[in-house]
Amino acid sequence: MSVIEKSIEVNCPVHTAYNQWTQFEDFPKFMEGVKQVSQLDDTHMHWRAEVGGKEKEWDCEITEQIPDERIAWRSTSGTPNEGIVTFIPIGVDKTMVNLKMSYQPEGMTENIGDMAALPERRVEGDMQRFKEFLESRGHETGAWRGQVGQGQTRPPG
């Protein structure tokens, strides 16, 4: 498995950055190669993206979600991947967004791209586009404030 770790400072309160990240269906607006993310229920999504010049699809589930702190996931089909994104307030209107993910490159093209750090550069660009997307709007497009963990989901409220 390959691992990518990236961080970025976003000029907004932690709840705004967190809320935007919960809007998974907006990911194609700032993630390169992501064609569609369909939220199936509170904890399951279906992804469609271009990876290494090929279209891929996979399902994932949220394994942990704590409002304003973290969201963790793992794939349940397709290419193995998992990760966690954490949100750390570093001021009233400033948040550090940390992303750590691991994935399994498949085939020669993806392995060569991995050796050339192409996925790492793509994620770095995605983080920068997330920052620009959120800061240019000045507010999130929506929010899901429920909790997920220990095999349970607690809806918002």
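The buried residues of helix H1 are Val 14, Thr 16, Ala 17, Tyr 18, Asn 19, Gln 20 and Trp 21, where buried denotes under 20% relative accessible area, exposed over 50%, and partly exposed the range in between (1.4 Å probe, protein chains only). The helix spans residues 14-21 and is mostly covered, with 7 of its 8 residues buried. Helices (H or I, at least four residues) and strands (E, at least two) are DSSP runs numbered from the N terminus. The cover of H1 can be traced to particular elements: its buried residues pack against strands S4 (54-66), S5 (70-75), S6 (81-91) and S7 (94-103), and against helix H3 (118-137). Contact here means heavy atoms within 4.5 Å.

The model is predicted, so local features need pLDDT of at least 70 and side-chain atom pairs count only at pLDDT 80 or more, while totals for chains, interfaces and linings use all residues. Residues are numbered from 1 along each chain as its sequence is written, and side-chain values use heavy atoms, with hydrogens and water left out.

The chain as a whole comprises 3 helices and 9 strands, arranged along the sequence in the pattern β-α-β-β-β-β-β-β-α-α-β-β. Its radius of gyration is 15 Å, which agrees with the value near 15 Å for a compact globule of 157 residues; this radius is taken over C-alpha atoms, and the globule rule is 2.2 Å times the number of residues to the power 0.38. Along the principal axes, the C-alpha atoms fill a box of roughly 45 × 30 × 25 Å. Of the 157 residues, 43% are buried. Among contacts with a separation of 6 or more, 51% join residues 24 or more positions apart. The chain exposes about 8,300 Å², of which carbon and sulfur atoms supply 49%; accessible areas come from the Shrake-Rupley method with a 1.4 Å probe, and for residues only the protein chains shown count as cover.

Asp 68 is placed in the loop between S4 and S5 and has a positive phi of about 65° although it is not a glycine. Not counting residues up to four places away in sequence, Asp 68 touches Val 14, His 15, Tyr 18, Phe 87 and Arg 145. Its side chain makes a polar contact with that of Arg 145 at 2.7 Å. Such a contact is a pair of N or O atoms within 3.5 Å; within protein, one must be able to donate a hydrogen and the other to accept it, and residues adjacent in sequence count only if both atoms are side-chain atoms.

Thr 79 lies in the loop between S5 and S6 and counts as buried because its relative accessibility is 14%. With the same exclusion of residues up to four places away in sequence, Thr 79 touches Lys 56, Trp 58, Gln 104 and Glu 106. The side chains of Thr 79 and Glu 106 form a polar contact at 2.9 Å.

Helix H2 (residues 107-115) includes Met 115, and Ile 112 also lies in H2. Met 115 is exposed because its relative accessible area is 71%, whereas Ile 112, at 46%, is partly exposed. Met 108, Ile 112 and Met 115 form a nonpolar surface patch with about 400 Å² of accessible area together. Patches are made of residues with over 30% relative accessible area and no salt bridge, joining like charges within 9 Å and nonpolar side chains (Val, Leu, Ile, Met, Phe, Trp, Tyr) within 5 Å. A salt bridge is a side-chain nitrogen of Lys or Arg within 4 Å of a carboxyl oxygen of Asp or Glu.
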